[in-house]
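Open the model in your viewer and keep the sequence panel beside it. This tour goes from one selection to the next.

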Amino acid sequence: MRPGVGGEDDDDLRAVPDMRDFNRNRYPTPDSRPPWHEFTPFATRQPGGAVTDDPSFDATPGGGGAEEYCAPTTSRELSWNWTRAGNTAVQKCPGGATGVAKWKCSRVGLRWVPDKPDLRLCRSLWVENLRERLESGESIISVAIDLSLMTQTKWLFSQDVKHIAAIVQQMLSKAVSSMETFLDAWHREQVFKELLDAISETASNLLELKQRPAWQDLSSADQKQVLTMLMAALEESALLLAESFSSESFFPVVKSNILLSVKVIDSRWTMNIQFPSVSETQSLQWSGMQDSVLLPVESIAQFSKHGLGKVVFIAYNGVEDFLRPEPMVRQGVDGYISDDGYSEQPNVVFNPGTHVVNSRVVAASVGRHHNSHLPQPITVTLKHLQETNVSNPQCVFWNYDMQTWSTEGCWVHFYNSTHTTCACDHLTNFAVLMEVQPVQAYSTNPRTLKVITTVGCVLASLFLLVTIILLHILSFKKNDRLWIHRNLTLCLLISEFVFIGGISQTHLPVLCGVVAGLLHYFLLVAFAWMFLEGFQIYTVLMEPMDCHRSRLWWFCSLAYIAPAVIVSIAAIIDPYSFGTSSYCWLESQNYFIFSFVGPCVGVVFGCVIFLCISACVLCHQGSTTTAVKCKEEAKLRRVRSDIWWAVFLVTIMSLAWGSGILYVVKYTAMFAYLFCIFNSLQGAYVLFFCCWKNEVVQEEVQRVLKNVPWLPECLRRSSGNDDNPPPHVLSNGTAAQLSVGTPPILPPSVSSIAPGCPAVLELTGQKFYSYPKVHHTRSPIYGQSQQQPQSGTRFSRC
């Protein structure tokens, strides 16, 4: 067998074969073969078209088995030649490193697996050389500087990363043990400055993108172990420098992936310490940093030594990618459960939710007091790296001993869609964990959903526009209820226009926030006028017939000022939650949307309360045995009708905008159709409620139509002026032909009509008509035997 060709029964790793020794009729020639990235060998197919990876299957016409190979490719600075399916290609590591690189050709699909070659056995010679120099007693600073330079220029392997972390730990150990050999404090300070700068440069180089393949070759446990060693070494080096300062000092270290600040502050300092400062973020790499740490001054005083507080702040770039959280485990009485989620302890719950580190990792320490309880909690504000499809933020710290994230002593102080503010009662490395939401797969095209909702909004806008025109051009008597209908319709119309034109303007963040604020305000105003509709019905029912006072100015103040106050307070608390990356509405994941839902629920509840009270009063008056005057009875009938219409108005408005909010947040076809239907019905109902069923509007429309000469007589005739009105029966059984301006037929011995003194006829249970009032004459010429009016018919004096 040729060297390098692996047999199927040989377990040893073999090199790739030289394809020139094979039958050129079976495999492409160098002249006819396309480039490696374009050529894909075909798998052997069974009769009927099935694909098989069975090497014993005979695919040739003569019965000889056809061999299959993975196509050549280039990866990790190595060229990989043709490799037989099922074998693993092996070659030397690139760059003169020791060890071998491996890559397997899979029979399934004839492809290389995994996606990248395995270089875990590779190790650079220069790393071993630096370790030997350090152990031989060479200068620590010299080794540290060479290490930073080599990590900047060389490609690393996974074994290199592990050995570099160990070398850094070894350098710090030697530096601590050799502190007595320094000549003076200044010399010790300079050495620790150079050491800190070199270690920071090395750690920053390890976090560069070009070194990511080396990290990916490490297991998850190895990644966490190496990063724990590096973070602990960086913090230890910074504390060594802080302890070498004998007076107030400040030493920043700015690298591409490391931002570090060492501060020595007088214990009598009276202001909180903030990181980073303006001078520390002037570099290009950190100019856009939105993370911050606020250390209370009480911590400086508590942990100061010799009148000086020694503080270290560190911010990392890219560390969060390798500190992935494990499945969340809740601690029980007897410890933690196993990884398979099963535990015999009844108080332990396993939650396999998917979480990610969604912020930079920042660290803070005051001296060597990591686990000490702070007198005042430290405040850490962290910007979210991912703002969509994430929720449920958790403030955590990295536990060096357990090498995992923990929430002990940390809690969420405030959060929105872009930032989370954490508070912790101890000092360590902080971050924000968030739960990843599954990306929604829409069964309906988003453009179709937009068309559906736009159609509903357009129909509602047309109905509302007709309503607003009718309510403004008709010159009938002005009252509070008319103004309520006008303002309600106007606010709903503005809300529809803003929703149509601005709900999708997410590409303009400022405009998107303005749209969200306008929708928030005008919808609250519309619901406020809906509440005043119910309150107006209550006041009309409770007031005397002739004692109506206008409350229009109070209504306007309540309807427009109260929503403005609510929106202003919400904007002051969290202006960033007006508008999101998905829609121009209030943020729902941080419950900011309750600044709209809460007031609306309260308004609807209040309106229902007033309508229920009105209905109870109405039922009580309708059941009394006392005779009710005609005017009072007409008012009760009108109020009863208004209550039903107001109940329908509350229901349709709540359904319309409730489904609209759910559509915006959930973005599903079901809510899109519901919003379209309820929104259209809302516009039609407002038109029907405010105009078609309004008696005042009906009379005004009839008056206008009567003055149009070209209309037919049947359209210009008013229903209230029919020529032959139906006769009404008095309580005494006498039929009376009643009409406007015509007095009833009265017995001559009972009464006489006084000129200029119209009378009022009170009929229980009959429709009220306006008659001339009758002057009741009780002259002595009429004897006691004269016929008196029946008990059902009474006449009152002017």
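Is arginine 360 buried or exposed? Arginine 360 counts as buried, because its relative accessibility is 17% and the cut-off for buried is under 20%. Keep in mind that this is a predicted model.

**Stop 1: arginine 360 and aspartate 291**

Now find where each one sits. Arginine 360 is in the loop between β15 (355-357) and β16 (362-366), and aspartate 291 is in the loop between β10 (273-275) and β11 (292-295), so this pair ties together parts that are 69 residues apart in sequence. Aspartate 291 is buried too, with a relative accessible area of 5%.

**Stop 2: lysine 255 and aspartate 197**

Next, select lysine 255 and aspartate 197. Here is another salt bridge, with 3.1 Å between the closest N and O atoms. What does this pair tie together? Lysine 255 lies in the loop between β8 (249-254) and β9 (258-266), while aspartate 197 belongs to helix α4 (residues 185-206), so the bridge connects parts that are 58 residues apart in sequence. Lysine 255 counts as buried, at 15% relative accessibility. Aspartate 197 counts as partly exposed, at 32%.

**Stop 3**

Select β5 (88-92), β6 (residues 100-106) and β7 (111-118). They make an open sheet of three strands, in the order β5-β6-β7, and the pairing is antiparallel. Which strands are at the edges? They are β5 and β7, and each pairs on one side only. From one strand to the next, the twist averages 15°.

What holds such strands together? Strands of a sheet pair through backbone hydrogen bonds. Zoom in on β5 and β6: five bridges join them. Pick glutamine 91, then look across to β6 for its bridge partner, alanine 101.

**Stop 4: aspartate 118 and arginine 120**

Follow β7 (111-118) to residue 118. Select aspartate 118 together with arginine 120. They form a salt bridge, and their closest N and O atoms are 2.9 Å apart. Aspartate 118 is buried, at 18% relative accessible area. Arginine 120 is partly exposed, at 44%.

**Stop 5: a network**

Last, select Glu128, Arg131 and Glu135. What links these three? They are joined in a network of salt bridges. How many salt bridges are there by this rule? The count comes to 14.

Methods:
Residues are numbered from 1 along each chain as its sequence is written. This is a predicted model: local features need pLDDT of at least 70, side-chain atom pairs count only at pLDDT 80 or more; totals for chains, interfaces and linings use all residues. Side-chain values use heavy atoms; hydrogens and water are left out. Two strands pair if DSSP finds at least two bridges between them. Helices (H or I, at least four residues) and strands (E, at least two) are DSSP runs, numbered from the N terminus. Axes are lines fitted to C-alpha atoms, for helices over the stretch in contact, and angles run from 0 to 180 degrees between N-to-C directions. A salt bridge is a side-chain nitrogen of Lys or Arg within 4 Å of a carboxyl oxygen of Asp or Glu. Buried means under 20% relative accessible area, exposed over 50%, partly exposed in between (1.4 Å probe, protein chains only).
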